[in-house]
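User: Hey, can you walk me through this one? I'd like to go through it bit by bit.

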Amino acid sequence: MISARALGRSFGAKRVLRDLDLELGEHELLLVTGPNGSGKSTLLALCAGLLAPTQGELEVAVDRGRIGYLAHEPLVYRELTALENLDLYGRLYRVPERRERIGMLLERYGLWESRRERVATFSRGMQQRLALCRTLLHEPDLLLLDEPFAGLDEPGAALLDAELEALAGERTLVLATHDPERVVPLATERLALA
Amino acid sequence: MSYLADVGTLARKDLLLELRSRDTVPAMLLFVVSTLVVFNFALPAGASDEAAYGLLWAALVFTAILGLTRAFAAEREQRVLDGLVLAPADRSAIWLGKAIAVVAFLALAEVVALPAFALFFEPVGWELVAAVALASVGLAVVGTLLAAMAAASRARELLLPLLFLPLVIPIVVGGVGASIADDPGRYLGFLALYDLIFAILSWASFEYVVTE
Amino acid sequence: MLAAAAAGLLLVGIALAFYWVPNAPDEGFRQRIFYIHVPVALTAYACFFWAAWKALRLLWTRDQRYDLESYTAVHMGVIFGILTLVTGSIWARTSWGVWWTWSERQLVLFLVLFLFYSAYFMLRYSVDPGPRRASMSAVYALFGVVLIPVSFLAIRLSEELIHPVVFTRDVNSNLAGSQLLTVSVCFAGMLALAGALYVNELTGKRVDERLRELREALS
C-alpha cells in the first residue's frame with residue numbers, strides 16, 4: 001500500500017527526513033516513534049499527499065478519498081458546530097447515509113450532546129474526539145494518525161483503544177506517537193525515527 | 001453533477017462562517033464609506049465630476065483587498081485547508097466556492113457604496129452598476145487565488161495587495177471607462193473578457209497553488 | 001560561446017545604430033536610443049515568455065528543476081524590463097523633453113509588468129523554499145504572461161480617458177529597410193546577451209544548490 005525508496009524531505013535548508021525506505025502492505029499497522037522534530041508528522045503528511053517528497057520516491061496506492069488523516073490540528077472550523085463540520089466533510093467525501101453515520105460517530109465518541117455547539121467552545125479533548133470522528137467518517141482504507149491520543153482523557157483514550165483494536169487487521173494504519181505502549185501489541189511493523 | 005454540489009457545499013460553508021463571525025462584511029462596509037469620505041477631502045475644489053468616478057473605483061479595489069485578506073483566514077488559522085485539500089473533491093471547487101462567497105461580500109459592500117457615492121458625489125447610472133457587477137467577478141476570481149497564495153506565505157496580509165494591484169489595473173480601466181466614456185459598451189465588453197480569461201486561468205491553476 | 005556571440009552581435013548592432021543607419025525622418029541623432037530600447041523591450045518579453053514556458057513545464061511534470069530555470073528567466077526579464085524603462089525614459093526625454101509620459105503605451109505596459117514581476121520576488125521571498133513555492137511561483141509567472149496582452153488592451157482603452165494623447169509618433173509604421181536591419185541585429189544581440197546571462201546565472205545557482213546538498217549530506 002505504501003512504498004518509499006530513499007524518501008527525504010527538506011524544508012529549505014533543514015533536512016527533516018532522510019533516506020527512508022518503507023514497505024507497508026494492506027491491513028498492517030505501522031507504529032512510528034521518535035522524539036520531537038524527528039519527522040513523524042512530516043512522514044504522515046507525505047503519505048497523505050499534503051507534502052511532496054524533495055528526495056527519493058513515495059508511492060501510496062490509495063485514492064485520496066479513501067485516506068483518513070488525523071493531524072496535530074483537528075482541521076475543523078471553530079465557528080461551525082460539530083454537526084456542521086462533519087456534515088461538510090461528509091458531503092465532500094460523499095459519505096453514504098451521511099446523517100446516520102455522523103450521528104453514530106458523535107454518539108460513540110460522546111459528542112452527541114454538544115453536536116450543535118461551536119467547536120470554539122470545545123475542550124481540547126472534545127476537539128480531538130471530533131477530529132477522530134472526522135477521520136473515521138468515510139471509513140477510509142488507510143488511516144494516518146498523528147499523535148491520536150494527544151489531549152484525550154482516560155475515557156476518550158479507552159474509546160480510541162477500542163477503535164484501534166477493531167480497525168487493526170481490517171484497515172491499514174500508520175500511527176505516530178510519543179507513548180507507544182498502548183499500540184505496540186497491535187503493531188505489525190515499527191519505525192523509529194531519529 | 002457532484003462538482004457543482006461540492007461548490008455549493010463550500011460556498012454555503014463560507015457564507016455560514018461569515019454569518020457566524022460577522023467580521024469581514026461589516027468591516028468592508030465601514031471601510032468603503034470611510035474611504036469615500038476621505039476622498040471627498042482628497043478631491044480639490046476644482047476637480048472634474050469625472051474624477052470622483054475614478055476614486056470610486058479606487059475605493060472598490062481597496063475594499064476588495066480588505067475582504068480578500070480575510071478570505072482564507074479561517075482555513076489558515078486552523079489549517080483546515082489541509083482537510084479540504086485532502087477531500088476527493090476537485091480542488092478548484094474550493095476556489096469556486098470561495099470566489100462565489102467573495103462576490104457576495106463585495107455585492108453587499110457595493111449595495112452600500114453605490115448609494116453613498118450617489119449621495120456624496122455623482123449620479124450612478126446603469127452602466128456603472130453593470131461595470132461594478134462585472135468588476136466584482138474579476139476582483140473575486142483573481143483575488144481568491146492570490147489570497148490562497150498569500151495565506152501560504154509568511155508575509156500574508158502584506159503580500160496580497162502587492163500581488164493583486166498590478167493584476168487588477170485592467171479592471172480599474174474597464175470600470176472607469178464604463179463610468180465616464182461615451183461608449184461604455186466597449187469597456188463593459190473588456191471587463192467581461194477579463195473575467196472570462198482570468199476565471200479560466202484561476203480555475204485551472206488553483207490546484208497548483210494549494211498542493212505540492 | 002553565447003557570450004561571444006552576444007558581444008559580437010551587440011558590437012555590430014551598436015555600430016550600425018550609431019554610424020550606419022541614416023537619421024529617421026523628423027528625428028535627431030539622439031533618437032537612436034530607439035535601436036537599444038526596442039530590442040531590450042522585445043528581449044524582456046522573450047524572457048517572460050520563456051519563464052512562463054518553464055513554469056508550465058514545472059506544473060506539468062512536477063520536476064523541480066524547472067523552478068530555478070523559470071525564476072532565472074523572470075530575473076533576466078526584470079533586468080531587461082528596467083533597462084526598457086530607462087532607455088524609454090531617455091528616449092522620451094530626447095524626443096519630447098519629459099522623463100515620463102503616460103501616452104507611450106509600451107512604457108506604461110512595462111511599468112505595470114515591472115510592478116507585477118517585482119511582486120513575484122516578494123512572493124518568493126515570503127514563502128519557504130520547496131515544492132510549494134515552486135508551484136505558486138509558476139502559477140504567478142503564467143498569470144504574468146496572460147497579463148501582458150490584457151494590460152496592453154487596457155492601456156489602449158485607457159488612453160482616451162486618462163491622458164490626452166499629447167505626443168504622437170509612428171514608431172512601427174514603415175520601418176525602412178536599414179532601420180529594420182539595425183533593430184534586428186541589436187535584437188539578436190540582446191537576446192544572445194540575455195541568453196548568456198541566463199546560462200551564467202543558472203549555472204551559478206545550480207552549483208550553489210549542489211554545494212548546499214553536499215554540505216548537508218556531510219553533516
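**Going through the model**

Analyst: Let's start in chain B: leaving out residues up to four places away in sequence, Glu75(B) touches Val80(B), Leu81(B) and Leu84(B). Keep in mind that this is a predicted model.

User: Which element is Glu75(B) in?

Analyst: Helix H4 of chain B, residues 73–77.

User: And is Glu75(B) buried or exposed?

Analyst: Buried, because Glu75(B) has 24 C-beta neighbours inside 10 Å, and the cut-off for buried is 20 or more.

User: How far is Glu75(B) from Trp203(B)?

Analyst: C-alpha to C-alpha they are 19 Å apart in space, and 128 residues apart in sequence.

User: Where in chain A is Glu139(A), and what is its phi?

Analyst: Glu139(A) is in the loop between H4 and E6 of chain A, and its phi is near 50°, again positive in a residue other than glycine. With 15 C-beta neighbours inside 10 Å, Glu139(A) is therefore partly exposed.

User: OK, switching to chain A as a whole. How many helices and strands?

Analyst: Five helices and eight strands. Starting at the N terminus, the order of elements is β-β-β-α-β-β-α-α-α-β-α-β-β.

User: What does the confidence look like for chain A?

Analyst: The mean pLDDT is 93, with 100% of the residues of chain A at 70 or more. Going by element, the lowest mean is 90, for E8(A), and the highest is 97, for helix H2 (residues 82–92) of chain A.

User: What about the overall dimensions of chain A?

Analyst: Along the principal axes, the C-alpha atoms fill a box of roughly 45 × 30 × 30 Å.

User: What share of chain A is buried?

Analyst: Buried residues are 41% of the 194 in chain A. As for contacts between residues at least 6 apart in sequence, 71% of those in chain A join residues at least 24 apart.

User: Now the sheet. What's the strand order?

Analyst: It's an open sheet of five strands in chain A, ordered E5-E6-E7-E3-E8, and the pairing is parallel. Strand E5 (67–70) and strand E8 (189–192) of chain A are the edges, each pairing on one side only. On average, neighbouring strands of this sheet are turned by 10° against each other, direction ignored.

User: How many bridges join E5(A) to E6(A)?

Analyst: Four, with strand E6 of chain A spanning residues 142–146 and the two running parallel. Across that pair, Tyr69(A) stands opposite Leu144(A) in E6(A).

User: Which helix lies across those two strands?

Analyst: Helix H4 of chain A, residues 124–136, lies across E5 and E6 and runs at about 165° to E5(A).

User: And what do E1(A) and E2(A) do?

Analyst: Strand E1 (residues 2–11) and strand E2 (residues 14–24) of chain A run antiparallel, joined by seven bridges. Ala4(A) stands opposite Leu22(A) in E2(A). Their hairpin has two residues between the strands, and Gly12(A) takes a positive phi near 70° in it.

User: Last topic, interfaces. How many residues make the contact of chain B with chain C?

Analyst: There are 27 residues from chain B and 27 residues from chain C in that contact. On the chain B side, the elements that give two or more residues are helix H8 (159–180) and helix H9 (184–210). H8(B) gives the most, with 11 residues. That side of chain B divides into 21 nonpolar, three polar and three charged residues.

User: And what does chain C bring to its contact with chain A?

Analyst: Six residues come from chain C and six residues from chain A. The chain C side there divides into two nonpolar, one polar and three charged.

Notes:
Residues numbered from 1 in each chain as written. Chains lettered and ligands numbered in written order. Predicted model: local features only at pLDDT ≥ 70, side-chain atom pairs only at ≥ 80, totals over all residues. Pairing = 2+ DSSP bridges. Axes fitted to C-alpha atoms, helices over the stretch in contact; angles between N-to-C directions. Contact = placed C-beta atoms within 7 Å. Nonpolar A, V, L, I, M, F, W, Y, C, P; charged D, E, K, R; others polar. pLDDT = per-residue confidence, 0-100. Buried ≥ 20, exposed ≤ 12 C-beta atoms within 10 Å, placed from the backbone.
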